[in-house]
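Subject: Structure handover

Hi,

Here is the structure for you to look over. My notes follow below it.

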Amino acid sequence: MNQIPGLYISEDKQKGRGVFTSTAISEGDLIEVCPVIVISKVELPIIHKTTLHDYYFLWGENMDDAAIALGFGSMYNHAVHPNANFILDLENNTIDIVAIENIEPGEEITINYHGEPGDEGNLWFQQF
């Protein structure tokens, strides 16, 4: 796992735990490289019956497998217009978190769970 210094988990009153930074991050900076645990499509129905349901990424060439990101990877909260993006690296079994705008100290780092900033698709939970 590779991550910039200053990342920490903190509580947001509406969203629960999330990833924040104590240092400034510039647009384009690699925030974190998160190794993943791959879960096959055969096991995916089991995940839906557990707490892990809220923390996995779709994975694989056909996006029919799942992955749990280690490090802070599965803790980033959703935003329609996030300040970071995630890149699935299927070859290296990692998810890269990259800043898509400048992020100030104390600010939460967010991603769009649909993969594309601005995507307003439906989620499995109510947004605040």
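Start with β9. Six of its six residues are buried, so β9 is largely enclosed by the rest of the structure. Buried here means under 20% relative accessible area, exposed means over 50%, and partly exposed lies in between (1.4 Å probe, protein chains only). Strands (E, at least two residues) and helices (H or I, at least four) are DSSP runs, numbered from the N terminus.

Two notes on the source. This is a predicted model, with local features needing pLDDT of at least 70 and side-chain atom pairs counting only at pLDDT 80 or more, while totals for chains, interfaces and linings use all residues. Residues are numbered from 1 along each chain as its sequence is written, and side-chain values use heavy atoms, with hydrogens and water left out.

In β9, Thr 94, Asp 96 and Val 98 point one way. Ile 95, Ile 97 and Ala 99 point the other way, and all are buried.

β9 pairs with β4 in the antiparallel sense, over five bridges. Two strands count as paired if DSSP finds at least two bridges between them. Cys 34 stands opposite Ile 95 in β9. β8 also runs antiparallel to β9, and six bridges join them. There, Phe 86 stands opposite Ile 97 in β9. β8 and β9 form a hairpin with four residues between them. Asn 93 in that turn has a positive phi of about 55 degrees.

**Overall chain**

The chain has one helix and ten strands. From the N terminus, the elements run β-β-β-β-α-β-β-β-β-β-β. Of the 128 residues, 42% count as buried. The chain exposes about 7300 Å², and carbon and sulfur atoms supply 50% of that. Areas come from the Shrake-Rupley method with a 1.4 Å probe; for residues, only the protein chains shown count as cover. Among contacts (heavy atoms within 4.5 Å) between residues at least 6 apart in sequence, 68% join residues at least 24 apart.

**The open sheet**

Four strands form an open sheet with mixed pairing, in the order β2-β3-β10-β7. β2 (7-12) and β7 (77-78) stand at the edges with a single partner strand each, so one side of each has no neighbour in the sheet. β2 and β3 pair in the antiparallel sense over six bridges. They form a hairpin with three residues between them.

β7 and β10 (residues 108-111) pair in the parallel sense over two bridges. His 78 lies in β7, and its bridge partner in β10 is Ile 111. His 78 and Ile 111 are 33 residues apart in sequence and 5.1 Å apart in space, C-alpha to C-alpha. His 78 counts as buried, at 8% relative accessibility.

Thr 21 lies in β3. Thr 21 is buried, at 0% relative accessibility. A polar atom of its side chain lies 2.6 Å from the backbone oxygen of Thr 23. Leaving out residues up to four places away in sequence, Thr 21 touches residues including Leu 7, Tyr 8, Pro 105 and Ile 109.

**Aromatic pairs**

Rings of Phe, Tyr and Trp (its six-membered ring) pair if their centres lie within 6.5 Å; planes under 30 degrees apart count as stacked, over 60 as edge-to-face and the rest as tilted. The count comes to two pairs. Tyr 8 and Phe 20 have ring centres 5.9 Å apart and planes at 25 degrees, so this pair is stacked. Tyr 8 lies in β2 and Phe 20 in β3 (residues 16-21), so the pair ties together parts twelve residues apart in sequence. Tyr 8 is partly exposed at 32%, whereas Phe 20 is buried at 10%.

Phe 57 and Phe 86 form the edge-to-face pair: 5.1 Å centre to centre, 70 degrees between the planes. Phe 57 lies in β5 (residues 56-59) and Phe 86 in β8 (residues 84-89), so this pair ties together parts 29 residues apart in sequence. Phe 57 and Phe 86 are both buried.

**Cores**

A nonpolar core is a set of buried Ala, Val, Leu, Ile, Met, Phe, Trp, Tyr and Cys residues joined through side-chain atoms within 4.5 Å. The largest has 22 residues; Leu 7, Ile 31, Tyr 76, Ile 95, Ile 97 and Ile 109 touch the most other members. A second, separate core of six residues includes Ile 39, Leu 44, Ala 66 and Ile 68.

Best wishes

Methods. Polar contact = N/O pair within 3.5 Å; in protein donor to acceptor, adjacent residues only side chain to side chain.
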